[in-house]
Amino acid sequence: MLWIKNGYVIDPRSGVEGKRDVLIEDGRIVKIAECTGVSGENGGNGMKTTAGNCSGKGACHDREAADAQVIDAEGLIVAPGLVDVHVHFREPGFTYKEDIQTGAKAAAKGGFTTVVMMANTKPANDNAETLAEVLEKGAQTGIRVLSCVNVTKGMKGQEIAPLEELSAAGAAGFTDDGVPILREDIVREAMERAAKLGKPVSFHEEDPKYIENNGINRGKASEFYGIGGSSRDAEITLSARDIEIAKETGADIDIQHISTKEAVELIRKARQAGYLNVHAEATPHHFTLTEEAAIKYGTNAKMNPPLREEADRLAIIKGLQDGTIEMIATDHAPHSAEEKARPITQAPSGIIGLETSLALGITELVDKGYLSMMELMERMSTGPARVYHLDAGYLAEGGPADLVLIDKDAEMIPGNYASKASNTPFTGWKLKGRVKATICDGRVVYQEI
């Protein structure tokens, strides 16, 4: 039994916000209530774990809790464990960059209790054997590691993978993330089949005919490097196509890592017209940085789609504010230092994000007045879980005991990563918001010393 006392509970699904105790047993939340009766050391804005004895009313009063492990969350926010529906753990095939164990450790340190891996592995995750392998390894990590599978066989965009078989085998959704699907007939058939299965299809919207050198915005950044770069039209055109097909098929779609103001507006208009099956995700780097960062940080700020202009960054924030963009997802993309040391046109795209995501959300969105803490938790937990139809992202009696304890005002300076990789422009930044503990299935999987 685990007792979290004196925390400030925030639950976006129910709207509950206030000081509560949470009692956990056998991986489920058994009680959420006001309580002042558990003894233990005063953690202040920190956290102390003690043995507890009930001496008052509230969560403990109706239960034998004398032997419960007690976490004093005084001064801390207690929220649903974060949910990231877009991570790359590189296994199988690229474990020198990351593996499922190290990726899960990075996730737990960042406050995430559920993650959904992408399927651009080697071999590609387009078959039941590979899916079973990664899910089995994920089950050994301490957090909930789920996986998408490929829309098309080998991510070649020509033949649809056995979606029905893979859905039955536990696939969380379908995506060829990393590669756009160019054939409209393939996209349409995939959506029709996914709609029947009740699983989302997530799209990497970058039409290569508008890209000369990927990862760098066509504009000031591409001019700085003397390259062609990636035009915003690459995202806009494919997003428009896939939104229209989603309207016709009714499939849940996720426009991944949205980067342009035009694509945000396409999502907004679709949802305003009642097409609530059209979803989008934003990354912390796209709501924090512009193409100026690609000039300053070089390959550590190279990603697909690229960082764009200030108007795009502000449009993404506006989309997060008004609910057009329902999800914040990291697109955690680890690479080796050797790979990122290559010239700008040869280095791979992507940055790590699991260990900085929450602090960037607090620093860039909450502290600057764009979102409330409740709204941030909705975009980082409840929203992603809803879109992917997961039993996660909420706190309720009888619900899963997946929680994160946050010191919202504590300084957080990224570095000393649990990930194998360190490819990010955010190392050394002074941010706010520290994860003090991550609890998954009723067990403490990360606790700050």
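Asp26 is exposed, with a relative accessible area of 73%. In this predicted model, Asp26 sits in the loop that links β2 (16-25) to β3 (28-33).

But Asn6 belongs to a strand, β1 (residues 2-11). And is Asn6 buried or exposed? Asn6 has a relative accessible area of 17%, and since anything under 20% counts as buried, Asn6 is buried.

| Peptide bond | Form | Omega |
|---|---|---|
| Glu91 to Pro92 | cis | near 5 degrees |
| Asn304 to Pro305 | cis | near -10 degrees |

As for where to find them, Pro92 is in the loop between β7 (82-87) and α1 (100-109). Pro305 is in a loop as well, between α9 (291-297) and α10 (310-322).

Now for a pair of helices. α6 (residues 233-249) packs against α7 (residues 261-272) at an angle of about 15 degrees, and their axes are 9 Å apart. Angles under 35 degrees count as roughly parallel, so α6 is roughly parallel to α7. The crossing of α6 past α7 is right-handed.

Which residues do the meeting here, between α6 and α7? From α6 come Glu235, Ile236, Ser239, Ala240, Ile243 and Lys247, and across from them in α7 are Glu262, Ala263, Leu266, Ile267 and Ala270. Sorted by type, the residues of this contact come out as seven nonpolar, one polar and three charged.

Last stop: Arg379, which you'll find in helix α13 (residues 373-387). Arg379 is a charged residue by type, but its relative accessible area is 8%, so Arg379 is buried. What does the side chain of Arg379 make a polar contact with? Its partner is the side chain of Glu378, at 3.2 Å.

Setting aside neighbours within four places in sequence, Arg379 is in contact with Leu320, Gln321, Gly323, Ile325, Glu326, Met327 and Ile328, along with Leu371 and Pro384.

Terms used. Residues are numbered from 1 along each chain as its sequence is written. This is a predicted model: local features need pLDDT of at least 70, side-chain atom pairs count only at pLDDT 80 or more; totals for chains, interfaces and linings use all residues. Side-chain values use heavy atoms; hydrogens and water are left out. Axes are lines fitted to C-alpha atoms, for helices over the stretch in contact, and angles run from 0 to 180 degrees between N-to-C directions. Helices (H or I, at least four residues) and strands (E, at least two) are DSSP runs, numbered from the N terminus. Angles under 35 degrees count as roughly parallel, over 145 as roughly antiparallel, 65 to 115 as roughly perpendicular and the rest as oblique. A crossing is left-handed if the near helix is turned anticlockwise from the far one by less than a right angle, and right-handed if clockwise. Contact means heavy atoms within 4.5 Å. Buried means under 20% relative accessible area, exposed over 50%, partly exposed in between (1.4 Å probe, protein chains only). A polar contact is a pair of N or O atoms within 3.5 Å; within protein, one must be able to donate a hydrogen and the other to accept it, and residues adjacent in sequence count only if both atoms are side-chain atoms.
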